[in-house]
Amino acid sequence: MKAKISLNPDAEVVKTVREGLRHTGGYCPCRLERTEATRCMCREFREQIEDPHFEGFCHCLLYYKSYEEEGEA
C-alpha cells in the first residue's frame, strides 16, 4: 500500500487552519510554541507519515494520511 497525503475534505476546516497559518507565519496555529518542530507541515506529522501503522489527521486537522492499494489512483 502507498501512503497518500490529502487536505481535510471539510473546506471550512482548511480555510480556518490556513488563516491561522497566515497569522502565525507558517507555524501550527494549534500550538503555542513557535519552533521548527511546529512549522507546517509539523515534525509530529512528518514522523506520522513515516510510521507505516499511522493513518489519520495531523494535529491541526489540515492534512490526512491514508493508504491506497497499489494500482489505485
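This is a predicted model: local features need pLDDT of at least 70, side-chain atom pairs count only at pLDDT 80 or more; totals for chains, interfaces and linings use all residues.

Visitor: Which side chains meet in a salt bridge with an N to O distance of 3.7 Å?

Guide: The side chains in question belong to Glu36 and Arg39, whose salt bridge spans 3.7 Å from N to O. That distance qualifies because the cut-off is 4 Å between a side-chain nitrogen of Lys or Arg and a carboxyl oxygen of Asp or Glu. Glu36 is exposed, with a relative accessibility of 53%, and Arg39 is partly exposed at 29%.

Visitor: How many salt bridges does the count give?

Guide: The count is two. Besides the pair of Glu36 and Arg39, Arg31 forms a salt bridge with Glu44, where the closest N and O atoms are 2.2 Å apart. This pair connects distant parts of the chain: Arg31 belongs to the loop between helix H1 (11-24) and helix H2 (43-50), whereas Glu44 lies in helix H2, 13 residues apart. Arg31 has a relative accessible area of 24% and is partly exposed; Glu44, at 32%, is partly exposed as well.

Visitor: In what order do the elements of the chain run from the N terminus?

Guide: The order is β-α-α-β-β, made up of two helices and three strands. Along the principal axes, the C-alpha atoms fill a box of roughly 40 × 25 × 15 Å. The chain has 73 residues, of which 29% count as buried. Among contacts with a separation of 6 or more, 40% come from residues 24 or more positions apart.

Visitor: Which residues make up the largest nonpolar core?

Guide: The general idea is that in soluble globular proteins, nonpolar side chains tend to be buried together. Here the largest nonpolar core has 10 residues, namely Val14, Val17, Leu21, Cys28, Cys42, Phe45, Phe54, Cys58, Cys60 and Leu62. Helix H1 provides the largest share of this core, with three residues.

Visitor: Is Leu21 buried or exposed?

Guide: Leu21 counts as buried, because its relative accessibility is 14% and the cut-off for burial is under 20%. Leu21 lies in helix H1. Setting aside neighbours within four places in sequence, Leu21 is in contact with Gly26, Tyr27, Cys28, Pro29, Cys40 and Leu62. As for its distance to another part of the chain, the C-alpha atoms of Leu21 and Phe57 are separated by 17 Å, the two residues being 36 apart in sequence.

Visitor: What does Phe45 touch, not counting residues up to four places away in sequence?

Guide: With those residues left out, Phe45 touches Ile5, Phe54, Gly56, Phe57, Cys58, Tyr63, Tyr64 and Lys65. Two of these, Phe54 and Cys58, are also listed in the largest nonpolar core along with Phe45.

Visitor: Is Ser66 buried or exposed?

Guide: Ser66 is buried, at 14% relative accessibility. Ser66 is found in strand S3, and beyond four places in sequence it touches Lys2, Ala3, Lys4 and Glu55.

Visitor: Where is Leu61 placed, and what is its phi?

Guide: Leu61 is in the loop between strand S2 (56-57) and strand S3 (63-68). Its phi is near 75°, a positive value in a residue other than glycine. Leu61 counts as partly exposed, with 39% relative accessibility.

How values were computed:
Residues are numbered from 1 along each chain as its sequence is written. Side-chain values use heavy atoms; hydrogens and water are left out. Helices (H or I, at least four residues) and strands (E, at least two) are DSSP runs, numbered from the N terminus. Buried means under 20% relative accessible area, exposed over 50%, partly exposed in between (1.4 Å probe, protein chains only). Contact means heavy atoms within 4.5 Å. A nonpolar core is a set of buried Ala, Val, Leu, Ile, Met, Phe, Trp, Tyr and Cys residues joined through side-chain atoms within 4.5 Å.
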